[in-house]
Amino acid sequence: MYRQELAEQVAQHRRYPEPATASAIIFRVGNEWLALPTRMFQEVSEPRPIHSLPHRRWGIVLGLANVRGELLICVSLTRVLGLEDSPLSSWYRRLLVANSHGNRLAFPINEVQGPHRLHERELNGPPGPVIQERPAFVEGVFQWRERTVGLLNPESLFSTIHRNLA
Amino acid sequence: MLFLLFQLGPDRYALEARRVVEVVPFAALKSLPQAPAGVAGILNYRGCAVPVVDLSELTLAKRVEERLTTRIIVVRHPDASGRARLLGFLAEHATETLQTDPSRFVEPGVKLGAAPFLGPLLMDANGPIQWVHEQHLLPEPMRQVIFAELCPIQI
């Protein structure tokens with residue numbers, strides 16, 4: 001009887017989001033664990049070939065990748081954040097597509113962990129290499145499964161990348 | 001002020017929305033064979049055992065119709081010692097709300113029987129809507145039974 005199914009639904013606790021929390025997607029770039037607010041997160045795809053641009057072989061832009069027919073600019077987060085730069089092929093397993101106010105960028109990454117609900121008070125733990133090198137890009141760090149994750153500030157990240165592209 | 005509308009038989013009623021905790025579907029209830037008439041059973045509401053009263057049975061001596069628009073209105077209700085408890089009311093057509101000035105509800109000027117929960121009336125295009133003071137809906141002896149004997153569980 002369908003009323004029994006309804007009873008099971010009504011018996012479930014409603015999950016109200018806690019105040020002052022944010023949702024972030026945690027991912028790994030090289031050896032560094034980072035996070036971006038979930039709202040910016042568009043998709044994660046299988047690694048696509050990145051076609052390097054002729055006059056942009058160095059710097060943060062790695063090239064262009066075709067994601068569902070759209071050519072997206074691929075940016076090296078390790079270079080933007082001043083992290084240890086290891087060859088892409090050794091860790092490029094996924095392509096993360098982020099969207100900030102209609103501007104889409106693709107970041108090669110290693111792996112992704114699903115949305116994580118982050119409480120305000122968890123931020124600003126002990127600093128790691130990310131926050132020391134480029135404090136402007138990192139809103140804070142938090143602990144997740146015994147790892148230190150740097151929560152990236154999407155606005156400063158995107159605006160810097162776009163300035164670099166211009 | 002926001003009101004939740006519902007029906008008992010053909011008549012329309014309004015309950016202040018701020019008194020409502022949640023409106024849930026007419027889910028299966030655990031029945032209480034020894035309960036007085038008007039007590040439909042116990043609802044597992046988000047892990048709490050909430051007694052559910054059949055408003056139609058209480059006021060019209062006729063069980064509520066099991067329609068898709070029949071709902072259980074969960075309200076906060078004080079028990080005998082004034083503690084806030086949860087109580088559910090089965091009501092038909094409990095799917096609409098009305099945003100209106102409370103002063104539009106007017107005393108009917110006719111004594112409509114000894115029903116302390118019935119308040120003033122509002123007339124709209126479809127007829128009268130009567131304000132229900134749900135805190136007076138349960139007759140005192142029933143309130144005692146429900147909270148003290150059937151469901152001695154505090155929120």
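Let's start with helix α1 of chain A, residues 2-11, where A:R3, A:L6, A:A7, A:V10 and A:A11 are buried. Buried here means under 20% relative accessible area, while exposed means over 50% and partly exposed lies in between, using a 1.4 Å probe and protein chains only. Helices are DSSP runs of H or I with at least four residues, strands are runs of E with at least two, and both are numbered from the N terminus. Those five buried residues cover an arc of only 135 degrees around the axis, so they sit on the same side of α1(A). The arc is taken from the directions that run from the helix axis to the C-beta atoms.

Before I go on, this is a predicted model: local features need pLDDT of at least 70, side-chain atom pairs count only at pLDDT 80 or more, and totals for chains, interfaces and linings use all residues. Residues are numbered from 1 along each chain as its sequence is written, chains are lettered from A and ligands numbered from 1 in the order in which they are written, and side-chain values use heavy atoms, with hydrogens and water left out.

Now, what do the buried residues of α1(A) pack against? They pack against β3 (20-25) and β4 (39-45) of chain B. Look at A:R3 in particular: A:R3 lies over the face of B:F26, 3.7 Å from the ring centre. To count as a charge over a ring, NZ of Lys or CZ of Arg must be within 6 Å of the ring centre and within 35 degrees of the ring normal.

That takes us to the interface as a whole. Eleven residues of chain A are in contact with 14 residues of chain B, where contact means heavy atoms within 4.5 Å. The size of an interface is often given as the accessible area lost when the parts come together. Here the two chains bury about 1100 Å² between them, and 55% of that is on carbon and sulfur atoms. This buried area is the accessible area, again with a 1.4 Å probe, that two parts lose on being put together, summed over both. Which three residues supply more than any other three of the area that chain B buries against chain A? They are B:A28, B:R46 and B:E66, with 47% of that area.

Let's look at each chain in turn. Chain A has 166 residues, of which 43% count as buried, and its secondary structure comes to five helices and ten strands. Chain B has 155 residues, with 48% counted as buried. It has two helices and nine strands, and along the sequence chain B reads β-β-β-β-β-α-β-β-β-β-α. Take the contacts in chain B between residues at least 6 apart in sequence: 57% of them join residues at least 24 apart.

Next, the aromatic rings. How many aromatic pairs does the structure hold over all chains? Six. Rings of Phe, Tyr and Trp (its six-membered ring) pair if their centres lie within 6.5 Å; planes under 30 degrees apart count as stacked, over 60 as edge-to-face and the rest as tilted. One pair is A:W33 with A:W144: the centres are 5.3 Å apart and the planes are at 50 degrees, so this pair is tilted. It links distant parts of chain A, with A:W33 in strand β2 (residues 32-37) and A:W144 in strand β9 (residues 138-144), 111 residues apart. A:W33 is buried at 9% relative accessible area, and A:W144 is buried at 8%.

Over in chain B, B:F105 and B:W131 make an edge-to-face pair, 5.0 Å centre to centre with 70 degrees between the planes. B:F105 lies in the loop between β7 (84-99) and β8 (118-124) and B:W131 in strand β9 (residues 127-132), so the pair ties together parts 26 residues apart in sequence. B:F105 is buried at 7% and B:W131 at 10%. Together with B:F3, these two form one aromatic cluster.

A:E43 sits in strand β3 (residues 41-45) of chain A. Is A:E43 buried or exposed? It is buried, with a relative accessible area of 16%. Its side chain makes a polar contact of 2.8 Å with that of A:R68. A polar contact is a pair of N or O atoms within 3.5 Å; within protein, one must be able to donate a hydrogen and the other to accept it, and residues adjacent in sequence count only if both atoms are side-chain atoms.

Finally, B:V75 is in strand β6 (residues 71-78) of chain B, buried with a relative accessible area of 0%. B:V75 and B:F89 are 14 residues apart in sequence and 7.9 Å apart in space, C-alpha to C-alpha. Not counting residues up to four places away in sequence, B:V75 touches several others, including B:L15, B:V20, B:F89 and B:E134.
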